[in-house]
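The tour goes stop by stop.

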Amino acid sequence: MPHETNNPKNNSKKTSIITISGIVQGVGFRPFVWQLANDMGLKGEVLNNGQGVQVILNFCEGEQEKFLKRLEAETPPLAKITKIKTSAALKFRPFQSFTIRPSEQSEMQTQISPDATTCKACIKEITSPNENRYRYPFTNCTHCGPRLSIIYEAPYDRRATSMAPFKMCDQCQKEYENPGDRRFHAQPIACPNCGPVLELKWLSETTEPSIDINQEDAIKNVAELIKAGFIGAIKGLGGFHLCCLASDSALVETLRKRKKRSNKAFALMCKDSTQAKEIGLFSEEALTQLESPAAPIVLVKKRFAKEGSDRLPEAIAPGLHEIGIMLPNTPLHHLLLAEFDEPLIMTSGNLSNMPQLITNEEAQTELRDVADFALLHNRLITNRVDDSVVRASAKQISILRRARGYAPASISLPKGFEETPDLIACGAELKSTFCMLKNGEAILSQHLGDLEHVPTFEAYQQTIALYTDLFEFQPEFRVIDEHPEYLSSKLGEGQSEKDQIPLIKTQHHHAHMASALGENNHGLNDGNCLGLILDGIGYGEDGTIWGGELLYGDYTEFKRIGALEGVPLLGGSAAVKEPWRNLYSHCEQTLGWREIECQYGDLSVVKHMREKPLSTLNAMMKKGINSPMSSSCGRLFDAVAASLELSLDEVTYEGEAAMQLEALVCPQIYNEFSKEELYKAEYECDGQIKKVNFAPMWEALFKDLNQQKSKSYIATKFHKSLTYILLDWIKGAVHTLEIEEKLNGPDNKLKIALSGGCFQNNTLLENLALLLEKNGFIPIIQSELPANDGGISYGQALIAAARHLKS
């Protein structure tokens, strides 16, 4: 923990100012300090200001040190201290007691707490009939409840939140003002007498409710409607969810049809971890994440494989081996789930590819044809915050979508970045986030979605404006991706011109590498590393589409020392949605499609491909029309999936084919393959770039298809083969370019950052990392930030800061 101390000559009695920075507002930190000081018999005062929490303390010799030691050791559960600065430069100022002062307005330098799931004490209250807040769905305290989702501005006080219109009753006021109460200065404090209320609205124009929806207990009414087979829109912390029975396969299909979400998996909400463990295979770490204050959706392997009376339908997550499970994260959800002995589907309240809805008016209009009813309330959601998604295996945690429960908690910068200028990095096009650097910390926005959809792009701009006001932010630089057509890049460039501040452009895959290095505290001056970046599409420095890259460099610059052999991206963006195009491109480029037709013409996949406009694609390749060269590893996964006729014609969501391919991997078969049995590749140098040619792999793969090897056999063999192909490629590139002596890790090992969307494939990530470690490398893996484009903005920010600091 960083401490800055300025102590003059000792006196018997002293007064010091202690400033605590981090997540220290809205988490019960001031009452904690009050209780600690009173317990130690100290006098002074504590208050919130723009820097965090300020303590003015009277003390004698040794007392301040003991106070600071306990301050760090006994911190409230939602608090996170990043810095403590102490100064004893004041003239002794006697206090009669220790008090809590009102907040001060000053420049915003503190962090804002993420929303937190309901604590055990509040759950006990809402389930105890003798409590004032029995069955009250907006119960909260300083240890739980809404934060980011209700705040307008800082400091975090009630007047600056959407709770401002709700005047506290006498009992709530008494709790709010009592430093010994866990609701002391809990800004969203409320009870049935003075707080928000629920309202149940019928939306459907084609069906009628099965009960009287005007009965007093709205949550029991909702439970009855769900049990009767209706679909509901439930207003939660950061937006609406669509909810229905998970056990009814016909109802699941109805929801898919209405939401226009044909295949993408739905998340489940379970009432407790016991129920969750009946559905998914949880490691100890996965269970910890499930029960954490962030309460994310946790991806785990399914327990249910076949449908039956006691099984959940495959339609929840079709073709996948994992299921997303979360626990209730508000009192409303706890009360609702308590009415069921089975999990509920709880998916984002929107039409596919649109932002999650947050207002009552939007829900009643936009979801009228999706949900039969809506459970509304009159507390405004000021900031849209989606559910976070985490995968926690036995070996590591990976955040795949960083939103509710995590954002906007700041991220520490690596050593050497302490004096970084204030800047904003605009992120990428898909899975967009933006990142602000201020006061030596990174503030990463919540996941905002794909900017190619107009409502999402509008929400992206609104969120930037909100954060700018919230953190009183004035950037000295803006940072964008080099891709000229990214909307985030166009917006950033326009804003830079408007504000007359410098614009810094970063290469997409370099930003991936920087993001991984930064998260793992690779310092500004710690030297060069390797970066293996595997993703779908990123704009390359040579004007082609990159996506399977081996880089060597640091934060300021890099060299491309390796790449997967480029193949035409037939139809441009159409190839992302239609895997058959990638299969044809890879086969035509390596073996030649005529050769495949001659040898394997009886295969069903080859027969299916005859129905495609292959002659048109040939003409496009020959003339170079809408067929840019691409080294994308993501498209390689699509091509292999297509060869097994997985989403051959079209994917319905990003990554669908690759996820289906991974779902076929059999761990037992994986372990039985020897290296000699695996698919092979060829390696060749193109100038200073080591290339990987997959022709031998495709030849062997079609032989396996012709021998009627199972899809699981081929998918498993491909995954293991790819790890060894990548390892041999990396070792060859390092040797060829003679960079072995430029080592920067412990025991003279070379660090290699693994980033890009393909590393959401857990089979690839875990096995490749293990293989690299066994062969003398130090794999750098992303955990707290997404390896996909959701982490790009953090990497962009570090690159720009490094260039400025070293210029």
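Start with a helix pair. Select Met697, Leu701, Asp704 and Leu705 in α22; they meet Tyr713, Ile714, Lys717 and Phe718 in α23. To meet is to be in contact, with heavy atoms within 4.5 Å. Helices here are DSSP runs (H or I, at least four residues), numbered from the N terminus.

This is a predicted model: local features need pLDDT of at least 70, side-chain atom pairs count only at pLDDT 80 or more, and totals for chains, interfaces and linings use all residues. Residues are numbered from 1 along each chain as its sequence is written, and side-chain values use heavy atoms, without hydrogens or water.

Now show both helices whole: α22 spans residues 695-706 and α23 residues 711-736. Their axes lie 10 Å apart, at an angle of about 160°. Axes are lines fitted to C-alpha atoms over the stretch in contact, and angles run from 0 to 180 degrees between N-to-C directions. That makes α22 roughly antiparallel to α23 (over 145 degrees).

Next, the cysteines. How many disulfides are there? The count is zero, with a disulfide taken as a pair of cysteine sulfur atoms within 2.5 Å. Select Cys122: its nearest cysteine sulfur, that of Cys144, is 3.7 Å away. Cys122 counts as buried because its relative accessibility is 0% (buried means under 20% relative accessible area, 1.4 Å probe, protein chains only). Move to Cys244: the sulfur of Cys243 is the nearest, 6.7 Å away.

Last, color by pLDDT, the predictor's confidence in each residue, from 0 to 100. The protein's mean is 92. Select residues 5-10: pLDDT stays under 50 there. Residues 305-309 are also below 50.

Conventions: Buried < 20%, exposed > 50% of the residue type's maximum accessible area, 1.4 Å probe, protein only. Helix = DSSP H or I, 4+ residues; strand = E, 2+ residues; numbered from the N terminus. Parallel < 35°, antiparallel > 145°, perpendicular 65-115°, else oblique.
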